[in-house]
Amino acid sequence: MKVTDYDTPRPETHRTGTTYILGIESSCDDTSAAVLRNGILLSNVTASQAVHEAYGGVVPELASRAHQQNIVPVVDAALRQAGIQREQLSAIAFTRGPGLMGSLLVGVSFAKGLAASLGIPMIDVNHLHGHILAHFIHTEDDDYVSPSFPFLCLLVSGGNSQIVLVKSYRDMEIIGQTIDDAAGEAIDKCSKVMGLGYPGGPVIDKLARQGNPEAFTFAKPNIAGYDYSFSGLKTSFLYNLRQWISEDPDFIEHHKCDLAASLEHTVVDILMKKLRLAAKDLKIKQIALAGGVSANNGLRNAFRDHARRYKWDIFIPRFSYTTDNAAMIAMTGYYKYLDHDFCPMSAPAYSRVAD
Ligand code: KG4
């Protein structure tokens, strides 16, 4: 039996002098594909999954089935929008983890199959590194200024809340993280309790713009160092709400905007307090924001306010790169490509970083 060794990267991928990287993202409920030419973004196509709305959260089994349906048309659209044939690709970068295992397996298996059929190398990407390196995505004619190293990145999503010291494209150190729930998860759960549907983040953001952030106070954590905790806030929100509803059954309807504004204000306060501490201790003034919750206007405004007060250079991602997308995976893959850092065909997906 002849075994073809796809684990060995092929030098002929440099044959044209132009590097085309296909990025594939499928860690949660967005199927996304993107193409870069010499590190410049040509296309970024994402299919989101509305199927989860009815369940108030992502249903893993439904997510992987939807990825199966979406992956071929999404990759096809990304290649077409980039104006290239798949045979021109130099390498395929894919999210290997962390994320939902069933979702990851669709993207990982697709990437393996395509790389094997084309005889090109694969590049495994840590989804969280992707969120951070989204700050280095550039299109042909944009004027976005990327941060310089070292910088601090507040990475806030539905599954993570971290402060990361970014020393280079490859060298990132988590100096603080949540010990329980993530910021996005807390917001989503509180909004679910208010009957606002899923995902709650964007709805809370919209309502908060018309509410009073000081109207209600909720519990804030008191833990050492740069770590976060959001489970106490979630519980405090739930218990307070129950009490208020027992006194006024229409409490939510009467105070929707104030509840959203006060919840958002508390989350932003918790996030910024630790970030301020880390920036001060490490004497770093280049501060970036990343992850799905970075779309939040209250958090963006707090960043702008801190830039003025503490003379920070802030880096707020463009809206299209805040939530899960393949452009950030392709970008991270591109830097690994330049280092010839490829992964073997046998590389499995991982659901958690420690796996
Ligand atoms: O990074 P992401 O797309 O997925 C992962 O968790 O990996 O983040 C999703 C999270 C959800 O919790 C969602 O509610 C939150 O980002 N989010 C927002 C906003 N837009 C999305 N949270 C607050 N305000 C927003 N505008």
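Predicted model: local features only at pLDDT ≥ 70, side-chain atom pairs only at ≥ 80, totals over all residues.

Which residues is Ser 294 in contact with, leaving aside its neighbours within four places in sequence?

Modeller: Leaving aside neighbours within four places in sequence, Ser 294 is in contact with Val 156, Leu 289, Leu 299, Arg 300, Pro 317 and Thr 322. To find Ser 294 on your screen, look in the loop between strand S9 (286-290) and helix H8 (297-310). Ser 294 counts as buried because its relative accessibility is 0%, and the cut-off for buried is under 20%. The side chain of Ser 294 also has a polar atom that lies 2.5 Å from the backbone oxygen of Gly 291.

From there, let us turn to the ligand. It is surrounded by 18 residues, and the closest are Gly 158, Asp 188, Asp 205, Gly 292 and Asn 296. By class, this shell has 4 nonpolar, 11 polar and 3 charged residues. Asp 188 places a polar side-chain atom 2.7 Å from an oxygen atom of the ligand. On its own, the ligand has 550 Å² of accessible area, and the protein covers 87% of that. Helix H3 (127-133), helix H4 (183-193) and helix H5 (200-208) are the elements that give two or more residues to the shell. The largest share, 3 residues, comes from H5.

Definitions and conventions: Residues numbered from 1 in each chain as written. Heavy atoms only, no water. Near = heavy atom within 4 Å. Polar contact = N/O pair within 3.5 Å; in protein donor to acceptor, adjacent residues only side chain to side chain. Areas by Shrake-Rupley, 256 points an atom, 1.4 Å probe, with all protein chains shown as cover. Helix = DSSP H or I, 4+ residues; strand = E, 2+ residues; numbered from the N terminus. Nonpolar A, V, L, I, M, F, W, Y, C, P; charged D, E, K, R; others polar. Buried < 20%, exposed > 50% of the residue type's maximum accessible area, 1.4 Å probe, protein only. Contact = heavy atoms within 4.5 Å.
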